[in-house]
Amino acid sequence: MANSLMVIYPYRISQTWVFDDEYMGLAQEPFISGTPEMIDTLVQDVAHVDEGFKLVFSAYPFPGYQVELFWLRVENNGHWYSWSKKKMQGWLCPALLNYFNQPPNKIYCKAESLYS
């Protein structure tokens, strides 16, 4: 059974949000197509965000989640999600399926400082 809560640690390289997940075989996996702007909005109050942050996410609501993303459509083997409260959309690459058997209808997220 897969974990219901996942954690990654995004950080910036040359103004691009990326993350590593050695277990999944991912190194400097970039966020693109609207997702960086969503991340910038999510982390605007996170302390020391220039050093990276902790991103907790799940297909299920969990205590303290800050964002609820809604699945919109598939495109180029990735999936578009909407953050309707902020009127934003972002594309998540096929690496999403390393964490979920299928793209979830909703993704819940929380950003935390690495120093909390």
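Six aromatic pairs occur in the structure, a pair being two rings of Phe, Tyr or Trp (its six-membered ring) whose centres lie within 6.5 Å. One aromatic cluster is formed by Phe57, Tyr99 and Phe100. The model is a predicted one, in which local features need pLDDT of at least 70 and side-chain atom pairs count only at pLDDT 80 or more, while totals for chains, interfaces and linings use all residues. Residues are numbered from 1 along each chain as its sequence is written, and side-chain values use heavy atoms, with hydrogens and water left out.

A cavity is a set of points, on a 1 Å grid over the protein atoms alone, where a 1.4 Å probe fits but cannot get out; its lining residues have an atom within 4 Å of a point. One cavity of 30 Å³ or more was counted, and the largest cavity has a volume of about 400 Å³, a volume being the space filled by probe spheres set on the points. Its lining comprises 25 residues, with Phe31, Thr35, Leu55, Leu69 and Leu92 nearest the centre. Helix H1 (35-42) is among the elements giving two or more residues to this lining, and H1 provides the largest share, four residues.

Strands E7 (78-83) and E8 (88-92) also contribute to the lining. These strands pair in the antiparallel sense over five bridges, where pairing requires at least two DSSP bridges. His79 has Leu92 in E8 as its bridge partner. Because four of its five residues are buried, E8 is largely enclosed by the rest of the structure; buried means under 20% relative accessible area (1.4 Å probe, protein chains only).

How values were computed:
1 Å grid on protein atoms, 1.4 Å probe; cavity = no way out; pocket = protein on both sides within 12 Å on 5 of 7 lines; lining within 4 Å. Phe/Tyr/Trp six-rings, centres within 6.5 Å; stacked < 30°, edge-to-face > 60°. Buried < 20%, exposed > 50% of the residue type's maximum accessible area, 1.4 Å probe, protein only.
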